[in-house]
Amino acid sequence: MLILIIGGAESGKSLFAEKLVTKLAKKNLYYFATMQICDEECQQRVLKHQQQRAEKNFMTIETPFLDIKNLINFPESSTGLLECLSNLLANMQFNTKYSNINDLPEFMIKKILNLYQNLENLVIVTNDIFSDEIPDCMKYYLRNLGKINCNLANYAEIVLEINSGNVIVWKGENLFHEIMG
């Protein structure tokens, strides 16, 4: 099952995603961490997320570029949490190795779907950053993120939005309630 969780900064989406993953499966849990630490704020966010999942039995895989060749040999019935798509896009869009790819959103969607093919479940966390005023320098990044989010929502069985710690089910309500009990 592919599940997409969208929410604003500090909305509770990461903590909720971890809870959802532990409802989906009790073993073979993988946390695909995409954050590249570039300053103190990034370091604090990483530490916060590490503390949040400390007792949840995740195997953490640091993968700022989602290198698939290293992510294909999972045990049967594995569940992954990709945290987070917004960081992954920034890592790739602003890295010379990937920045010249003609259709970066399509390239990333293929990478994510290839990862999903090797897992029973994949939960993806992404940011909803479209409700704020957008500076000109961010418009290309935002268009790419919007394209990726929309395409992955089409593939996902469940699409959730987290707003102030509250869950809004946009797609797959019955499946969601079945998982959460």
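Trainee: How many aromatic pairs does the count come to?

Mentor: Eight aromatic pairs. Keep in mind that this is a predicted model.

Trainee: What kind of pair do Phe-32 and Phe-74 form?

Mentor: An edge-to-face one, with 5.9 Å centre to centre and 80° between the planes.

Trainee: Where do Phe-32 and Phe-74 lie?

Mentor: Phe-32 is in strand E2, residues 29–33. Phe-74 is in the loop between strand E3 (58–62) and strand E4 (79–83), so the pair ties together parts that are 42 residues apart in sequence.

Trainee: Buried or exposed, those two?

Mentor: Both Phe-32 and Phe-74 are buried.

Trainee: And what about Phe-94 and Tyr-141, how are they arranged?

Mentor: Phe-94 and Tyr-141 are stacked, with 25° between the planes and 6.3 Å centre to centre. Tyr-141 sits in helix H5 and Phe-94 in the loop between helix H3 (85–93) and H4, so this pair joins parts that are 47 residues apart in sequence.

Trainee: Is Phe-94 buried or exposed?

Mentor: Phe-94 counts as exposed because its relative accessibility is 56%, and the cut-off for exposed is over 50%. Tyr-141 counts as buried, at 7% relative accessibility.

Trainee: Which residues do ring pairs link into a cluster?

Mentor: Tyr-30, Phe-32 and Phe-74.

Trainee: Switching to helices. At what angle do H4 and H5 pack?

Mentor: About 35°, with the axes 9 Å apart. H4 covers residues 104–117 and H5 covers residues 139–155. The crossing of H4 and H5 is right-handed.

Trainee: Which residues in H4 and H5 meet?

Mentor: From H4, Pro-105, Met-108, Ile-109, Ile-112 and Leu-113. From H5, Asn-144, Lys-147, Ile-148, Asn-151, Leu-152 and Tyr-155. The contact of H4 with H5 has eight nonpolar residues, two polar and one charged.

Trainee: What about H1 and H6, how do their axes cross?

Mentor: At roughly 75°, and the axes come within 9 Å. H1 is residues 13–24 and H6 is residues 173–180. The range for roughly perpendicular is 65 to 115 degrees, so H1 and H6 are roughly perpendicular to each other.

Note on methods. Residues are numbered from 1 along each chain as its sequence is written. This is a predicted model: local features need pLDDT of at least 70, side-chain atom pairs count only at pLDDT 80 or more; totals for chains, interfaces and linings use all residues. Side-chain values use heavy atoms; hydrogens and water are left out. Axes are lines fitted to C-alpha atoms, for helices over the stretch in contact, and angles run from 0 to 180 degrees between N-to-C directions. Helices (H or I, at least four residues) and strands (E, at least two) are DSSP runs, numbered from the N terminus. Angles under 35 degrees count as roughly parallel, over 145 as roughly antiparallel, 65 to 115 as roughly perpendicular and the rest as oblique. A crossing is left-handed if the near helix is turned anticlockwise from the far one by less than a right angle, and right-handed if clockwise. Contact means heavy atoms within 4.5 Å. Ala, Val, Leu, Ile, Met, Phe, Trp, Tyr, Cys and Pro count as nonpolar, Asp, Glu, Lys and Arg as charged, and the others, Gly among them, as polar. Rings of Phe, Tyr and Trp (its six-membered ring) pair if their centres lie within 6.5 Å; planes under 30 degrees apart count as stacked, over 60 as edge-to-face and the rest as tilted. Buried means under 20% relative accessible area, exposed over 50%, partly exposed in between (1.4 Å probe, protein chains only).
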